[in-house]
Every structure is written in structure tokens, then in C-alpha cells.
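Dear colleague,

My findings follow directly after it.

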Amino acid sequence: MRLHHKVAIITGAARGIGKAAAELFCREGATVIIWDVLDAGQETAKNLQNEGFSCQFMNVSTTDVPAIELASKAVFDQYGHIDILINNAGITRDKTLVKMSHLEWQQVIDVNLTGVFNCTKAVVPYMIQNQYGRIICTSSIVGVHGNFGQTNYVATKAGVIGMVKTWAKELAKNGITSNAVAPGFIKTEMTDAMPNEVKQQMINQIPLKRMGEPKDIANAYLFLASDEAGFVNGQVLGVNGGQAS
Ligand code: NAP
């Protein structure tokens with residue numbers, strides 16, 4: 001029960017990595033608030049409630065500032081504290097630079113970069129009130145190394161690392177740590193869409209010779225959210241089976 005009495009907001013937790021994190025955080029004693037645009041978030045929350053856990057779904061897009069501000073206030077008013085924010089929501093719109101439209105660029109920037117800014121800016125004042133907080137942002141292995149066909153996505157995942165390192169300096173005096181997790185190739189709906197032969201090529205590059213599971217990333221979130229990680233600040237934790245490390 002490493003998150004006993006903690007309140008955690010996890011964005012993009014209707015499915016995939018965020019859903020695995022919601023399940024793990026509930027089992028570790030947290031109250032979990034799912035912010036997602038996908039109605040499946042309702043079912044994810046219901047299933048956890050049926051198991052006796054404290055979990056709530058709010059239909060909040062990380063791009064909708066008024067909705068984020070309202071939802072943050074509602075969570076704080078209900079529980080009196082917001083301890084953990086996992087900025088996990090993300091999208092891809094992959095194209096090579098030559099083929100990528102300005103719209104595809106902007107959509108990914110809006111969700112993966114500005115969305116992280118929006119949610120953190122809204123939640124941090126409540127963390128400051130309680131002089132405690134854990135901010136965890138989802139970067140990617142490609143945010144460190146670049147990737148063919150992902151100019152927009154890579155820009156956001158590199159940007160997230162810059163924000164986390166900045167907040168580590170700005171917010172530490174308020175008892176708030178900021179860190180990033182950089183997943184490698186993880187089995188979720190996001191990667192299911194890739195052709196099998198491309199997936200196999202990717203797996204061949206991973207020393208552990210397998211894709212990661214959502215729970216592999218959820219466990220990294222858990223460590224960074226726990227009291228044991230109290231002196232870990234401004235770091236990027238790679239979870240990638242040894243790929244490109
Ligand atoms: P996923 O299965 O696509 O789940 C992401 C969730 O976020 C979906 O429910 C999605 O809803 C939701 N979402 C999208 N835009 C949103 C918004 N504006 N506001 C709130 N929720 C939103 O993705 P995943 O694979 O679990 O990825 C989770 C995070 O890990 C992402 O940041 C991703 O970039 C990162 N990551 C993943 C991998 C990987 O291999 N899977 C590797 C490195 C990093 P919709 O379905 O409606 O879009």
C-alpha cells in the first residue's frame with residue numbers, strides 16, 4: 001500500500017499504459033481520478049469501483065483549459081489534496097517531415113506538449129497549498145533519440161523532458177518533485193496499429209527481445225510517485241528493455 005491516502009490524477013487512463021497505472025495505483029491504496037476523452041474511461045473506473053477501489057472518471061481533455069481548471073477544483077474540493085499528477089495522455093499522427101501537414105503537427109503539439117502544460121499549471125497550485133506533490137510526465141525513448149516519421153511526436157516528447165527538468169528546479173521548494181518516464185516499445189492500442197513486420201523489426205532491436213507491457217511502465221510511475229522516490233527529481237527513467245541505452 002505505497003500510495004495509501006494519496007489522490008492521483010492520471011490523464012489518458014481509459015486504456016493502455018494509463019489504465020494499467022490506474023489499476024496499480026488503486027491496488028496500492030490511492031484514490032484515482034481518470035481524465036480522458038474516451039468513454040471507455042467510465043468502464044475502467046466502474047470495474048475498479050466494483051473491486052472496491054476508489055476510482056472516478058472525468059471526461060476531460062488535456063487541451064480544454066476551462067474543463068481542466070473546473071475538474072482540478074472539483075477534485076481538491078472533494079478530497080482536500082491532490083498528491084500525484086501523471087501526464088500520460090498522448091497521441092500520434094506519424095508522417096515524414098515532407099508529408100506532415102501543419103494540422104498534424106499542431107494536433108500532436110496540442111495534446112502531448114500543451115496538454116502537459118495545461119494540466120500541470122492547473123494542478124500545481126493545489127499541490128503548493130499542501131506543500132507536497134509528485135508530477136510524472138510520459139516522454140518516450142524517441143524523445144531522447146529521435147525517430148523516422150515522428151517529427152511532431154518527438155518534438156513533444158523531448159519538450160516534456162525540458163519541462164520536467166525546469167519544474168524540478170522551480171517547484172522543489174514546495175515539496176514537489178517532477179520526473180519523466182521514457183517508455184520504449186510498449187504493447188498498447190497505440191502500437192497495435194503498426195504492421196506486424198515493422199513490430200518484429202522493432203522487437204529485434206530490443207535486447208530483451210520482447211515488447212514492454214503497460215504494467216512495466218505503470219511500475220515506473222509507481223516508483224516515482226512513491227515516498228521512496230522523494231529525492232529523485234528532474235530525472236528521465238528509461239523503461240525500454242535495453243533498446244538504445
Ligand atoms: P493509448 O493506448 O493510445 O492511450 C492513450 C489514451 O489517452 C487514450 O485513451 C486516448 O484517447 C487518451 N487521450 C488522447 N488524447 C487525449 C486528450 N487530449 N485528453 C485526455 N486523454 C486523451 O496510448 P498508450 O500507448 O497507453 O500511451 C500512453 C502514453 O505513453 C502516451 O503519452 C504515449 O505517447 C506514451 N508512449 C507510449 C509508447 C508505446 O509504445 N505504447 C511508447 C512511448 C511512449 P483516444 O483513444 O480517444 O485518443
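Leaving aside residues up to four places away in sequence, Thr-62 is in contact with Thr-11, Ile-68, Ala-89, Val-111, Gly-115, Asn-118 and Cys-119. Please note that the model is predicted. Thr-62 belongs to the loop that connects β3 (55-59) with α3 (65-79). The residue counts as buried because its relative accessibility is 8%, below the 20% cut-off.

The strands form an open sheet of 7, paired in parallel and ordered β3-β2-β1-β4-β5-β6-β7. Its edges are β3 and β7 (236-239), each of which pairs on one side only. On average, neighbouring strands of this sheet are turned by 20° against each other, direction ignored. Within the sheet, β1 (residues 7-11) and β4 (residues 84-87) run parallel and are joined by 3 bridges; Ile-9 has Leu-85 in β4 as its bridge partner. Helix α9 (residues 214-225) packs on the sheet, where it touches β4, β5 (133-138), β6 (176-183) and β7. The direction of α9 makes about 165° with that of β6.

The largest pocket has a volume of about 1,300 Å³. Its lining comprises 50 residues, and those nearest the centre are Ile-91, Thr-92, Tyr-153, Met-190 and Thr-191. At least two lining residues come from each of α1 (16-27), β2 (31-36), α5 (141-145), α6 (151-171), α7 (189-192) and α8 (196-204). By class, 22 of the lining residues are nonpolar, 22 are polar and 6 are charged.

With kind regards

Methods: Residues numbered from 1 in each chain as written. Predicted model: local features only at pLDDT ≥ 70, side-chain atom pairs only at ≥ 80, totals over all residues. Heavy atoms only, no water. 1 Å grid on protein atoms, 1.4 Å probe; cavity = no way out; pocket = protein on both sides within 12 Å on 5 of 7 lines; lining within 4 Å. Points joined across faces, edges and corners; volume = space filled by probe spheres on them. Helix = DSSP H or I, 4+ residues; strand = E, 2+ residues; numbered from the N terminus. Nonpolar A, V, L, I, M, F, W, Y, C, P; charged D, E, K, R; others polar. Buried < 20%, exposed > 50% of the residue type's maximum accessible area, 1.4 Å probe, protein only. Contact = heavy atoms within 4.5 Å. Pairing = 2+ DSSP bridges. Axes fitted to C-alpha atoms, helices over the stretch in contact; angles between N-to-C directions.
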